[in-house]
Amino acid sequence: MRTIRNGLVLALGITMTALGATACGGGGDNTPPAAGPNEHVDLTLATFTEFGYEALIPEYERLHPNIKITHRKTGQGGPYHQDLITKLAAGSGLADVAAVEEGHLSDVLDKGSKFNDLSKIGPADASPDRWLGWKYDAAKTKDGKVIGYGTDIGPLAMCYRKDMFQAAGLPTDPEAVKPLFATWDSYFAAGADYVSKTKGKAWFDSASQNFNAMVNQLPQGYIGSDDKLAVESNQGIKDAWTKVTDAVAKGESAKLTAFSNEWNTGFKQGAFATKVCPAWMLGVIKEQAGPENAGKWAVTAAFPGGGGNWGGSYLTVPTQSKHPKEAAELAAWLTAPEQQIKAFQAKGTFPSQVKALSDPALLSQTDAYFGGAKVGELFAEQAKKVQKPQYKGPGDGQIQENAASPALQAVEQGKSAADGWQQLVDSAKKITR
């Protein structure tokens, strides 16, 4: 988790911070009353890595002299979310505003009663149309409760090595390569052609990276809407498995484990020609590939299957808070378009707010490392291609990380696709039983 976030830091020159909070009151009749206009209120804000809110906190305090904010900042996302779940179960210890990363959202939605309904206690200007529809809807519980305000997102595009494409006789212009990335079939077909023309060089870095993106595009993931394991019954997952493992068999994978030292070195050594590329991945590429590869990498506004998202967070107000209305107001202010643009400029966190996506400050952002690409405009375009959130039931993230990825790595190391699939199924059953 931290590695991914730190990648974003480098992508747009920053790291991100998530907010954690202690909240009490559930957005209903038991919600504590708001403090008076002059009554002193202490609020806590819990975050992980970087969200770009450091300068915004004193600004909010200047606008609200009666409010003092204590910012609890954790360096790593994994321990942060473990602590969040522990304190939820204990019933105490959380901050008034608590950040939740989208990969952990399903585990939090499963405990929706422990969070305030922001659609009831939040300010009127934090209306659903502030955010991209899929971002807002992803934070709804099954009974329609809104437990989080969206912060950033990770819209998906494709990154590729122009010099390696040219050496293989493939087009290099960002517009000209789009047909290669139109569908997963065209992407893997281009990969087979690339492997053939380069006498065995890898097309992509890791099978699991592509598989995760493919699964995330499906209406439902590893867990069905009934909160039961759906790996075996979800044909889309099986189809994605077949396509990815077929590509592995054709030599398209560099067989690297994402975020490992070997994977990091692979960027510098040109170990693969393409990369699934959420907005924050640009920073990872720049750091790992190094200045000597500036101008060799390019990014295009295309992604197999249309679009997707990888990453992003929410600000929640747990029912433990003694000042839920004030906490909701803080969370709403931090996630307003104006503040998210400032966070983007400070740390590179790509905004999820509709108005922010048309802001000149975002659209004018370019990246010299990627040939001067208009990355702000490009990723804003990609963000709009995501239609609706995938339902992610409890344990979804654990299956992706601890079942699917290890199974695909086993296939890359020689296990048959059929045996790898069985490994995935068996591991997923152990996680959800």
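Predicted model: local features only at pLDDT ≥ 70, side-chain atom pairs only at ≥ 80, totals over all residues.
Which residues does Ile285 touch, if we do not count residues up to four places away in sequence? They are Cys159, Phe267, Cys277, Gly290, Trp297, Tyr369 and Phe370, where contact means heavy atoms within 4.5 Å.

Residues are numbered from 1 along each chain as its sequence is written, and side-chain values use heavy atoms, with hydrogens and water left out.

Ile285 is, together with Phe181, Trp203, Phe211 and Val299, among the residues that touch the most other members of the largest nonpolar core, which has 84 residues. By nonpolar core I mean a set of buried Ala, Val, Leu, Ile, Met, Phe, Trp, Tyr and Cys residues joined through side-chain atoms within 4.5 Å; buried means under 20% relative accessible area, exposed over 50%, and partly exposed in between, with a 1.4 Å probe and protein chains only. Apart from this core lies another, of 46 residues, which includes Val41, Leu84, Ala99 and Ala138.

Two of the residues that Ile285 touches, Cys159 and Cys277, are joined by a disulfide with an S to S distance of 2.1 Å, the term being used for a pair of cysteine sulfur atoms within 2.5 Å. The pair links distant parts of the chain, with Cys159 in strand β5 and Cys277 in strand β6 (residues 274-278), 118 residues apart; helices (H or I, at least four residues) and strands (E, at least two) are DSSP runs, numbered from the N terminus. The torsion about the S-S bond is about -70 degrees, so the disulfide is left-handed, and both Cys159 and Cys277 are buried.

Let me turn to Lys142, which lies in the loop between α6 (133-137) and β5 (148-161). Lys142 counts as exposed because its relative accessibility is 57%. Leaving aside neighbours within four places in sequence, Lys142 is in contact with Ser225, Asp226, Asp227 and Tyr391. The C-alpha atoms of Lys142 and Tyr391 are separated by 10.0 Å, although the two residues are 249 residues apart along the chain. The side chain of Lys142 reaches the backbone oxygen of Ser225 at 2.5 Å, and a polar contact of 3.3 Å joins the side chains of Lys142 and Asp227; a polar contact is a pair of N or O atoms within 3.5 Å, where, within protein, one must be able to donate a hydrogen and the other to accept it, and residues adjacent in sequence count only if both atoms are side-chain atoms.
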